[in-house]
Amino acid sequence: MRLVAAAATTPLARSVCACLLRSVNSGNPGGQPRSEEAQRQLMFFCNSLRFTSLRTPTPMAQVQSWTTFTPYYAEDVKYSFSQLTTPLEDEKTLFSLIVATFPNDYENLKERLGVLGADDDAVLRNHWTEAQAWASDRSQSLARCVRGVTLYGSALRLLARLEGHAEDEVEALVRSKYEFLVSAQIFGTQRSARPGTLERFKAQAIEELIVGNRDLRVCFVHVPEDPSVEDYASCLIGVDESTGKCKIDYRVKLPGNPVIGEGKPENQNHAVIFARGAHLQTLDMNQDNYMGEAYKMRNLLDSFKSDGVVLVGFPETIFSETHGAVAQFAAIAEFIFQTFQRLMTWPLMVRFHYGHPDVWDKAFTMTNGGVSKASRALHVAEDLFGGVNAVARGGKVIFEEFIECGKGRDMGFTSVNGFEQKISGSSGTISMSRDLYRLHKGMDALRVFSLYFSGPGFFISMMQTAWCVYLYILAHAALAVADLEIYRVYRYFKMTETQTSLSLSREEGGYYNSIYAIQLGFLSVLPLFLKMCVDRGVRDGFNYVVSTLAQGSWAFNIFTMTTKGYNYMRALLFGQAQYIATERGYVLMNASMVVLYGLYAKSHLYQGMELLVYLVLFHLNTQLPVSFLYSWSVWMFALCVVIAPWWFSPQATNLFWMRHSWLDWRRWIDGNFNQPRVSHGSWASW
């Protein structure tokens, strides 16, 4: 092998030989990669080959074409040098945080660059392009999405060569089968921003992605400075082959500003006209893809050969779970939802469209209302209404499990709860929508029950559980204060008078109270344990579940349960549902007490403090022996609701941060706070 490497004449040959040499000389006899993510990808790929639904795919020449479709607004495209190197509150940098999160990947990067002994500053200074790409690929950036999704094109090129297509035919064949379309709504505004601004940097980064990825196409909404002189238009960006720079290839006139709702639905629907594939795969910009899964995409497209199939879904793996405890808890919620989607598809038959990474029949989509609905406030969950519309018009939805893609979730406490607010509020508007009413009129009773328990019923149970905890301790406290815990019971036959307590025995009281413990965060452990056992084995699944419980996932679940119930109730009563833009990046700043109080006082803190007052009254006045057996789960609920925002906030116990946060809150209460956009600027305005 060393002789072959020495005789290699081309850079590609030398690179291949160097890789083979490293593999042969590895100290790991099994060749197992150090990265846990690489191990997970290999394990899933190998296991998926045993799925009975994974059949022999269609030859490349007959593969159905498809367009991967991603809406983008103003999220990070790539990290700039200042973003990676600017010191944070604790004097660390974003780059050092990423390195600490992915130490093995960073060592691999330095090995590829040949700088194993260099420090971080030297790597950034001497290998900026590679370090920028590496750091951006370990966040939820558009560059990561483009790098991953365009692997579909790379996989098709390899498959075409393996099937014997001539080299000069491969590119034309792949171009006819696949493209990646990004709908960057405000790209035109970003291009016209002042040089040196963050928006201009994002526009330049997008242009670099367009030039560097031949399968990528970008469109945007042109907003005229004077609508009376110039028209709104949907524009498609291309590359001038003579200069290598971006230019506008197509411009489609619009009757006016297309953004009349929440923004994201219009960002999708205006760009569908530029999608050339027979199918449309909808992805978010914080998603990723893997080479092994890209090979199986043509197997997924064969699912549309079944009669009536208009929508095919498949699972996602959450790659952001390694970024802290809260990120892991958010990933767990996604894991459980994916497990439930399998049942929602069959036998419940109530799976709709959940935004990503579903693949649509584009002809059906364009002639039946688009992939999402765009009415403001009502269609906050715009993607679900697209699925409801498809099912109501006779379409069939299926779910395949032999393929997956990556997905990033929110990583901070406030952003995760912001996402839950959006989902629960939108579920309230869904419950009142005419779409759901018309849909259920054509369903049988069992399917209606499935529709209820997989949608509105889940949030109603969250709301009722929080109410029951409140009413339970309120009743106990009221009876204790009024000295009515002891009452007289007259037996009909014996006519003797006895005294008994409100609960017949200590054991019955403890058992009755433990029902709340099952509801308050522990019941979700079962589907998580089963999911982890299937994916990682029984031992690893058990260790994973125990570690998440030790980190406080049960307390986090109690808090999010209250979030879901409160916002669902507000949406039902007042129709107050709105699209909440959440932070998808690393949590770099501590949320101050002003922010936490403004976000959670009405929904969580006030209720928790009331429960604590009722608990104190109950224990001061009760005559029940060992009264803690009757109230331990309520204590757990109240303390979690009050303490969780600080428990899961980074550096919450830092005395310096606590002092400044307390002073800011006092100024906010007094009306002297100097940040008018934070929690309305003062307690009175809030």
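Visitor: What's the span of helix α27, first C-alpha to last?
Guide: Helix α27, residues 553–574, reaches 31 Å from its first C-alpha to its last. With 22 residues, that is close to the 32 Å expected at 1.5 Å a residue. Keep in mind that this is a predicted model.

Visitor: Switching to charges. How many salt bridges does a search of the whole structure find?
Guide: The search turns up 26 of them. One of these pairs E404 with R40, at 2.8 Å from N to O.

Visitor: Where do E404 and R40 lie?
Guide: E404 is in the loop between β11 (396–399) and β12 (405–407), while R40 belongs to helix α3 (residues 36–48), so the pair ties together parts that are 364 residues apart in sequence.

Visitor: And are E404 and R40 buried or exposed?
Guide: Both E404 and R40 are buried.

Visitor: Which residue does D105 pair with?
Guide: D105 meets R138 in a salt bridge, 3.4 Å from N to O. D105 sits in helix α6 (residues 103–113) and R138 in the loop between α8 (128–136) and α9 (142–149), so this bridge connects parts 33 residues apart in sequence.

Visitor: Why does D105 count as buried?
Guide: Because its relative accessibility is 15%, and the cut-off for buried is under 20%. R138 is buried too, with a relative accessible area of 17%.

Visitor: What about R147, which residue is its salt-bridge partner?
Guide: That's D288, with the closest N and O atoms 3.3 Å apart. R147 is in helix α9 and D288 in strand β7 (residues 287–288), so the bridge ties together parts 141 residues apart in sequence.

Visitor: How accessible is R147?
Guide: R147 is partly exposed, with a relative accessible area of 32%. D288, on the other hand, is buried at 4%.

Visitor: Which residues are linked in a network of salt bridges?
Guide: R157, E171, R175, R214 and D215 are linked that way.

Visitor: Is C145 buried or exposed, then?
Guide: C145 counts as buried, at 0% relative accessibility.

Visitor: And how accessible is C468?
Guide: C468 is partly exposed, with a relative accessible area of 37%.

Technical notes
Residues are numbered from 1 along each chain as its sequence is written. This is a predicted model: local features need pLDDT of at least 70, side-chain atom pairs count only at pLDDT 80 or more; totals for chains, interfaces and linings use all residues. Side-chain values use heavy atoms; hydrogens and water are left out. Helices (H or I, at least four residues) and strands (E, at least two) are DSSP runs, numbered from the N terminus. The expected span of a helix is 1.5 Å times one less than its number of residues. A salt bridge is a side-chain nitrogen of Lys or Arg within 4 Å of a carboxyl oxygen of Asp or Glu. Buried means under 20% relative accessible area, exposed over 50%, partly exposed in between (1.4 Å probe, protein chains only).
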